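This briefing is meant to be read with the sequence and the 3D structure side by side. Please look through both before turning to the points that follow.

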Amino acid sequence: MATAAQPDSAASAPAAKTGKKRTLVLLLILGVCGGAAGTYFMYGRDMLGAGGEAKAALRDPIYVSLEPPFVVNLENSDLLRFLQIEIQVMTRDPEAVAALERHAPAIRNNLLLIFAAQDVDMLGSRAGKTALQEQVTQEINAILAERAGGALVDETYFTSFVMQ
């Protein structure tokens, strides 16, 4: 009888291995599908390109010059000083270009007030110019958020900076 039991166990061993392989493959497929479904539900809109931030990150930069150059008087203790700045802004949103043109008077007004209030000594340093760039970017974005529903400027560049 021992010889009869051996062929049955030998025949059932490959069947058991096949069943384990199928279970492993099934679990692997379910894990991958579950991970994909979870990722879709968390980030699905952005992954499919419907999210504005994901699409904006993929777009090429658009540079817009704020013409004409800004010219202001700087207050100093004894001297009358002038500042002339040419600015370009970078965005990845084509709607921001139209918003910049549409709201140019408000943008120019606020930037002129910011430039005229600057300290001459601060503007003489790189750190002062960098801080001014950040302030300009924030001010433009605040105006666009208020008046254009959130069109965004990514960077501000001073393409000419003259103090006398």
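A residue is called exposed when its relative accessible area is over 50%, buried when that value is under 20%, and partly exposed in between. The model described here is predicted, and its chain has six helices and three strands. With those terms in hand, the points below go from the whole chain to single side chains.

**The chain as a whole**
- Of the 164 residues in the chain, 25% are buried.
- The chain exposes about 11100 Å², and carbon and sulfur atoms supply 58% of that area.

**Aromatic pairs**
- The structure holds three aromatic pairs, and one of them joins Tyr63 and Tyr157, whose ring centres are 6.1 Å apart and whose planes meet at 50°, so this pair is classed as tilted.
- This pair links distant parts of the chain, since Tyr63 belongs to strand β1 (residues 62–75) while Tyr157 belongs to strand β3 (residues 155–163), and the two are 94 residues apart.
- Tyr63 has a relative accessibility of 47% and therefore counts as partly exposed, and Tyr157, with a relative accessible area of 32%, is partly exposed as well.
- Phe158 and Phe161 form another aromatic pair that is tilted, with 5.6 Å from centre to centre and 40° between the planes.
- Phe161 is partly exposed, because its relative accessibility is 22% and the partly exposed class begins where the buried class, under 20%, ends.

**A charge over a ring**
- The charged end of Arg108 sits over the ring of Phe70, at 4.1 Å from the centre of that ring.

- Val71, Leu80 and Phe82 together make a nonpolar surface patch of about 290 Å².
- Leu80, one of the residues in this patch, lies in strand β2, which covers residues 80–91.
- Is Leu80 buried or exposed? Its relative accessible area is 59%, so Leu80 is exposed, given that the exposed class holds values over 50%.

How values were computed. Residues are numbered from 1 along each chain as its sequence is written. This is a predicted model: local features need pLDDT of at least 70, side-chain atom pairs count only at pLDDT 80 or more; totals for chains, interfaces and linings use all residues. Side-chain values use heavy atoms; hydrogens and water are left out. Rings of Phe, Tyr and Trp (its six-membered ring) pair if their centres lie within 6.5 Å; planes under 30 degrees apart count as stacked, over 60 as edge-to-face and the rest as tilted. Helices (H or I, at least four residues) and strands (E, at least two) are DSSP runs, numbered from the N terminus. Buried means under 20% relative accessible area, exposed over 50%, partly exposed in between (1.4 Å probe, protein chains only). A charge sits over a ring if NZ of Lys or CZ of Arg is within 6 Å of the ring centre and within 35 degrees of the ring normal. Patches are made of residues with over 30% relative accessible area and no salt bridge: like charges are joined within 9 Å, nonpolar side chains (Val, Leu, Ile, Met, Phe, Trp, Tyr) within 5 Å. Accessible areas come from the Shrake-Rupley method with a 1.4 Å probe; for residues, only the protein chains shown count as cover. A salt bridge is a side-chain nitrogen of Lys or Arg within 4 Å of a carboxyl oxygen of Asp or Glu.
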